[in-house]
Amino acid sequence: MREVQARAGTGQVVVIGAGIAGLAAAHRLLERGARVTVLEASDRVGGKLLPGEIAGARVDLGAESMLARRPEAVALAREVGLADRLQPPATATASIWTRGALRPMPKGHVMGVPGTAAALSGVLSDEGLARIDRDAELPRTEVGDDVAVGEYVAARLGREVVDRLVEPLLGGVYAGDAYRISMRSAVPQLFQAARSHTSLTEGVREIQAKAAAGRQTGPVFMGIQGGVGTLPLAVAESVRARGGEILTGTPVTELSHSAADGGGWRVVTGGRVLQADAVVLAVPAPAAARLLRTESPEAAAELGGVEYASMALVTLAYRRAETALPAGSGFLVPPVDGRTIKASTFASQKWGWIADENPDLVVLRTSVGRYGETEILQRDDDGLVAVSRHDLKAATGLDATPVATRVTRWDDGLPQYPVGHHTRVARIREHVAKLRGLAVCGAPYDGVGIPACIASAYAAVDQIHGDLRGVEELTAHPVQSLHGGAGE
């Protein structure tokens, strides 16, 4: 086995994982003057951000929008030369396919939780709306250290609010189950409101009032011409231009820490050994658990308990002359309605650049699969296309034959944030902190959205430089990941 010391020495950092978190960490490390090597097991960079094409049209085959009300993702895009390609959605209007019809997505709610019953008029039944009004009369519901979003909201406002709106919105972010998802980690604004108010609707109205007073302007979400999947490619190009090394197809098989010689790290990959002063682990929880099993069995055990949901994206291209879709960016589907797809994004209507580049095509996509749903994902690609077309016809009347289809499977793609997730993250970081020169970052910890992953990466870089403020802030206040309109 060959020991590689070239490029090593003081300030040599190995980043394991070349998703957006690992690439953002490498980019920040190079700014701080470190020498950086990024190791990626797969044959490409980008993780869940994946650019592709269908019928000659450029599209995203993974995440397709990023929260713009947090600075990290948009700022990084600008830093790597994508400023002139940033584009907000062409339409922010979405629908919800429920109770047999496409209905306008309500406004005036926080992740589906309304400030008034009137905000959900048209989506809920009369009984469901009346149940919301009882919130003001109910005694306080204690939330303790954490509580499931669905459990708490159902207790205050009734299950219909959860089943018809909270569930599809949260499911679009986590592919999870609202009755399991942690309110403290996934919707921290609501958790704080629940702790400080007896009435949930009153707490939501206060959140809305503070947002209005803050006068945040500009789009909530942002895309990139050519697809959000081009962001990691641009970051990787910038990393290489600054002297960083990125190696794909290079899985790490062993990670060990030396108490001698200043406490450096030994990273084994194939027939190569790299010596580093510090390591940033930016990989999914199971991979991190495997690599930390020897040096921190406690952290490995905690990471091994992080569950994941699988899903698939079905992308379809149609001839524009044969296609008529409802207005808007797409629609969400509550699981309670018994449909197979959980959402559809009308990509050509949501993103102006797709329509401009492909005037004769209409591109849309559906998503299938969520936590606990495994049977649907066992179908072959043709089966997923068929069920998507069936549901699209029922929802929109679309009966044309697509000119092309693509199925992209994200097996174990989305970490789940169940009740108590924040304490698990705190324990992981407590164990990791005992190992000098090691930090973890990415979707398993502080939020699954792109800005959350980047913020996590920056906090990891600060940590290996001895500054724990970013890690402490994220552990106490995770980045809320919002739903990008309709789809994911």
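Which residue in β21 is the bridge partner of leucine 316? Select leucine 316 and look across to β21: the partner is leucine 364. Keep in mind throughout that this model is predicted.

**The strands around that bridge**

Now widen the selection to strand β18, residues 308-319. Strand β18 pairs with β21 in the antiparallel sense, over 8 bridges. Show the whole sheet next. It is open, has 7 strands and runs in the order β9-β8-β19-β20-β21-β18-β22. The pairing is mixed. Go to the edges: β9 (101-104) and β22 each pair on one side only. Neighbouring strands are turned by 30° against each other on average, with direction ignored.

**Two helices on the sheet**

Select helix α5. This helix lies across β8, β18, β19, β20 (341-345) and β22. Its direction runs at about 115° to β8. Then pick helix α14, residues 381-396. Helix α14 packs on the sheet and touches β8, β9, β18, β19, β20, β21 and β22. Against β18, the direction of α14 makes about 70°.

**Arginine 365**

Return to strand β21, residues 361-368, and select arginine 365. Is arginine 365 buried or exposed? Arginine 365 is buried, at a relative accessible area of 4%.

**Aromatic pairs**

Switch to the rings. The whole structure holds 3 aromatic pairs. Start with tryptophan 97 and phenylalanine 331, an edge-to-face pair with 5.8 Å from centre to centre and 80° between the planes. Tryptophan 97 is in strand β8 (residues 95-98) and phenylalanine 331 in strand β19 (residues 330-332). The pair links distant parts of the chain, 234 residues apart. Both residues are buried.

Next, select tyrosine 174 and tyrosine 417. Their pair is tilted, with 5.4 Å between centres and 50° between planes. Tyrosine 174 lies in helix α5 (residues 159-174), and tyrosine 417 in the loop between β22 (404-415) and α15 (421-432), so the pair ties together parts 243 residues apart in sequence. Tyrosine 174 is buried, with a relative accessible area of 1%. Tyrosine 417 also counts as buried, at 1% relative accessibility.

**Last stop**

Select arginine 28 and tyrosine 458. The charged end of arginine 28 sits over the ring of tyrosine 458, 3.7 Å from the ring centre.

Methods. Residues are numbered from 1 along each chain as its sequence is written. This is a predicted model: local features need pLDDT of at least 70, side-chain atom pairs count only at pLDDT 80 or more; totals for chains, interfaces and linings use all residues. Side-chain values use heavy atoms; hydrogens and water are left out. Rings of Phe, Tyr and Trp (its six-membered ring) pair if their centres lie within 6.5 Å; planes under 30 degrees apart count as stacked, over 60 as edge-to-face and the rest as tilted. Helices (H or I, at least four residues) and strands (E, at least two) are DSSP runs, numbered from the N terminus. Buried means under 20% relative accessible area, exposed over 50%, partly exposed in between (1.4 Å probe, protein chains only). A charge sits over a ring if NZ of Lys or CZ of Arg is within 6 Å of the ring centre and within 35 degrees of the ring normal. Two strands pair if DSSP finds at least two bridges between them. Axes are lines fitted to C-alpha atoms, for helices over the stretch in contact, and angles run from 0 to 180 degrees between N-to-C directions. Contact means heavy atoms within 4.5 Å.
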